[in-house]
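Subject: Model for your files

Hello,

Here is the model I said I would pass on. Please look it over, and then read the notes below it.

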Amino acid sequence: MEVMGRAFAPEYGEAWNRRQVSDSLLLTGTRYCLIGADGSIAPPPEEPVAGFALLRSIFDEEELLLFAVLPEYRGKGLGAALLKAVIAGATTRGIRRLFLEMRRNNPAGKLYAGFGFRTIGVRTGYYRTASGERLDALSQELIIIDN
Ligand SMILES: CC(C)(COP(=O)(O)OP(=O)(O)OC[C@H]1O[C@@H](n2cnc3c(N)ncnc32)[C@H](O)[C@@H]1OP(=O)(O)O)[C@@H](O)C(=O)NCCC(=O)NCCS
């Protein structure tokens, strides 16, 4: 929750509160993945947490619901390491397709593209910022197992 509170720019309203997170984790198929400041996946309790991913799967598809690294740890490859672990975890679970939704022009798009995500749909004006600006949502897909 500390990462959640500081990683998302408030104007986009993307952060979830504690209740939303705990409720989501009660749902079958929801999982999270943590990365430590030292780059370790599922770090021991004494290691500071630098980032997390929250995911939900249904049958053989999984959605990356939230993905974030604390500002002070960015640009060191932790986001890429976390995404790699997320994809490895999905592959182990027999997931065939990984989905995510991001606002157009989010710099994270470069990271996702590097892992092979491609845009499969656009929801025009889907997000509304705190200042009232409308932003498109890009639906992206990574095919892990192609039929
Ligand atoms: C997206 C995010 C998790 C990336 O974390 P990170 O630890 O900085 O990622 P990495 O260091 O592994 O960067 C990987 C690549 O992504 C790109 N990238 C990621 N974030 C970027 C940013 N803010 N600005 C520019 N490029 C960025 C870079 O191309 C980088 O590759 P490079 O190092 O070869 O230049 C982090 O910026 C974040 O938490 N953002 C706020 C929350 C958010 O928008 N989450 C995604 C919601 S869809």
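This is a predicted model: local features need pLDDT of at least 70, side-chain atom pairs count only at pLDDT 80 or more; totals for chains, interfaces and linings use all residues.

Residues are numbered from 1 along each chain as its sequence is written, and side-chain values use heavy atoms, with hydrogens and water left out.

Ligand site

The ligand is surrounded by 19 residues, and the closest are Phe-67, Val-69, Gly-75, Gly-77 and Ala-80 (near: a heavy atom of the residue within 4 Å of the molecule or strand). From Gly-77, a backbone N or O atom lies 2.8 Å from a ligand oxygen. The ligand taken alone exposes 890 Å², of which the protein buries 70% (Shrake-Rupley areas with a 1.4 Å probe; for residues, only the protein chains shown count as cover).

Aromatic pairs

How many aromatic pairs are there? The count is 3, where rings of Phe, Tyr and Trp (its six-membered ring) pair if their centres lie within 6.5 Å, and planes under 30 degrees apart count as stacked, over 60 as edge-to-face and the rest as tilted. One of them is the tilted pair of Phe-67 and Tyr-112, with 6.0 Å centre to centre and 55 degrees between the planes. Phe-67 lies in strand β3 (residues 61-69) and Tyr-112 in helix α4 (residues 108-114), so this pair ties together parts that are 45 residues apart in sequence. Helices (H or I, at least four residues) and strands (E, at least two) are DSSP runs, numbered from the N terminus. Phe-67 is buried at 14% relative accessibility, and Tyr-112 is buried at 7% (buried: under 20% relative accessible area; exposed: over 50%; partly exposed: in between; 1.4 Å probe, protein chains only). Ring pairs link Phe-67, Tyr-112 and Phe-117 into a cluster.

Tyr-126 and Tyr-127 form an edge-to-face pair, 5.2 Å centre to centre with 75 degrees between the planes. Tyr-126 is partly exposed at 45%, whereas Tyr-127 is buried at 19%.

Arginines and Glu-14

Arg-123 lies over the face of Tyr-126, 5.3 Å from the ring centre. Arg-103 lies over the face of Tyr-12, at 3.5 Å from the ring centre (over a ring: NZ of Lys or CZ of Arg within 6 Å of the ring centre and within 35 degrees of the ring normal).

The side chain of Arg-103 also makes a polar contact of 3.0 Å with the side chain of Glu-14. A polar contact is a pair of N or O atoms within 3.5 Å; within protein, one must be able to donate a hydrogen and the other to accept it, and residues adjacent in sequence count only if both atoms are side-chain atoms. Glu-14 is in the loop between α1 (2-7) and α2 (18-26). Neighbours within four places in sequence aside, Glu-14 is in contact with Phe-8, Leu-66 and Arg-103 (contact: heavy atoms within 4.5 Å).

Backbone angles

Phe-59 is not a glycine, yet has a positive phi of about 50 degrees. Phe-59 is in the loop between β2 (49-58) and β3 and is exposed at 80%. Asn-105 also has a positive phi, near 75 degrees. Asn-105 is in the loop between β4 (97-103) and α4, and is exposed at 69%.

Regards
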